[in-house]
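Colleague: I am new to this structure. Please take a close look at a single part and describe what surrounds it.

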Amino acid sequence: MSTGTLFDKVWDLHTVGVLPSGQTQLFIGLHLIHEVTSPQAFSMLRERGLTVLFPERTVATVDHIIPTDNLARPFLDSMAEEMLQELEKNTSSNNIRFYPVGSGSQGIVHVIAPEQGWTQPGMTIACGDSHTSTHGAFGAIAFGIGTSQVRDVLASQTLALSKLKVRKIEVNGNLNPGVYAKDVILHIIRKLGVKGGVGYAYEFAGTTFEQMSMEERMTVCNMSIEGGARCGYVNPDQITYDYLQGRDFAPKGEEWEKAIDWWNSLRSDADAVYDDVIVFDAADIAPTVTWGITPGQGIGVNETVPTPDVMPEDEQAIALEAYQYMDLQPGKPLQGTKIDVCFIGSCTNGRISDLREAARVAQGRRVADGVKAFVVPGSERVKSQAEQEGLDRIFTEAGFEWREPGCSMCLAMNPDKLQGRQISASSSNRNFKGRQGSSSGRTLLMSPAMVAAAAITGKVTDVRELI
């Protein structure tokens with residue numbers, strides 16, 4: 001096995017060959033599929049008379065188009081119903097494991113794979129969804145892919161990819177109260193830019209990440225893609241193994257001890273050489289909120305919206321576009337901005353620890369008049385656990401809606417959409433124009449606790465004032 005970074009080791013172990021283009025033909029250990037990017041891929045297989053090579057390495061669920069309020073079939077949205085029927089047909093005819101609604105294991109693809117132990121260190125993972133980078137939290141190399149690549153993985157279990165450079169991003173120290181993993185990754189993207197990671201894999205290292213839970217690490221890796229990186233990962237350690245042990249598809253018995261030895265060998269070596277190293281201090285990170293139309297346009301909640309003169313010249317045009325679209329004034333505070341809709345959920349922040357933090361803020365309080373606030377668990381297992389802990393009651397008593405699992409108002413390929421110029425406090429991962437279902441709707445990204453604080457006060461609020 002090669003020495004060096006975890007990325008180098010996992011890449012080399014999965015290399016099938018080098019193609020004439022210079023790209024690597026990389027074996028994919030786990031292929032995750034859902035209803036949006038797979039129908040056309042299966043259709044292309046049928047047109048070519050091909051079959052799924054390793055159906056046992058493919059896992060399917062429904063998440064993007066699923067309604068989170070009324071699950072009665074057929075869905076009111078005929079296109080959503082058609083997409084789900086296609087997934088049901090394709091998984092059944094190809095002997096692929098599928099987690100439907102009501103199975104107890106359905107949910108957002110990047111939530112269910114880790115919680116069931118499908119995601120493991122040293123794996124290569126692919127999914128027709130840009131936020132596949134989430135799985136890197138386990139020391140896996142995980143790529144979001146397009147529909148034609150979904151076809152390629154179904155047919156050959158391989159991908160043609162150019163090898164990435166590796167940037168080590170160190171964050172050291174303890175996070176201040178009210179500062180969460182979401183703030184860490186928003187801060188990194190703010191500092192390095194949305195294109196800063198192009199051509200790179202990000203290795204997240206340092207004492208801050210070493211102290212994070214697996215769910216916090218998943219939040220960080222989830223948004224690697226928003227900083228331009230193709231993937232992001234954390235080296236596996238005891239926190240990783242404690243999370244995985246006993247999960248459905250994790251190794252058992254003697255195989256467990258062998259697996260740990262193997263996983264430890266994959267960690268980046270102490271003398272590994274990186275293409276770039278950047279260091280941050282956790283003490284410098286505040287609760288962070290995006291003000292613009294890219295995840296890199298973020299500020300500390302107590303800062304003012306930046307003026308064009310403090311920005312690099314190549315960022316000024318999109319800043320001017322953002323001021324106009326968001327209807328925000330440069331040099332003015334973001335704190336106090338009125339909020340219409342509050343969304344807690346998504347593959348970034350729809351896990352049990354996210355819901356606990358938001359509930360801590362909501363408990364004993366009421367959602368402000370005129371604010372629509374709702375909580376969407378990331379999976380049926382998360383929903384069940386939250387209800388066992390009474391989190392659903394805390395939310396509903398505070399005036400939040402408690403929903404069924406799904407992607408919901410992250411991509412809004414379902415009934416959960418902003419209306420007109422509504423402004424949303426969202427725990428998801430993208431604030432692009434029209435992202436949440438309205439061509440003129442506005443999105444402010446923040447941590448689940450910050451979303452809960454906005455719901456209670458009806459405006460952008462420093463969560464530290466409530467906790």
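Modeller: In the second largest pocket, at least two lining residues come from strand 10 (200-205), and at least two from helix 7 (207-211). The model is predicted, so local features need pLDDT of at least 70 and side-chain atom pairs pLDDT 80 or more, while totals for chains, interfaces and linings use all residues. Residues are numbered from 1 along each chain as its sequence is written, and side-chain values use heavy atoms, without hydrogens and water.

Helices (H or I, at least four residues) and strands (E, at least two) are DSSP runs numbered from the N terminus. A pocket is an open set of points on a 1 Å grid over the protein atoms alone, where a 1.4 Å probe fits, with protein on both sides within 12 Å along at least five of seven lines; lining residues have an atom within 4 Å of a point.

Strand 10 gives the largest share of this lining, 3 residues. The lining has 17 residues in total, and those nearest the pocket centre are Glu 203, Ala 205, Glu 210, Asn 235 and Arg 267. By class, 7 lining residues are nonpolar, 3 polar and 7 charged. The volume of the second largest pocket is about 240 Å³.

For context, the largest pocket has a volume of about 560 Å³. Its lining has 20 residues, with Arg 190, Gly 193, Gly 296, Gln 297 and Glu 315 closest to the centre. Helix 6 (181-192), strand 14 (298-300) and helix 11 (313-326) each give two or more residues to that lining. Helix 11 gives the most, 4 residues.

Technical notes
Points joined across faces, edges and corners; volume = space filled by probe spheres on them. Nonpolar A, V, L, I, M, F, W, Y, C, P; charged D, E, K, R; others polar.
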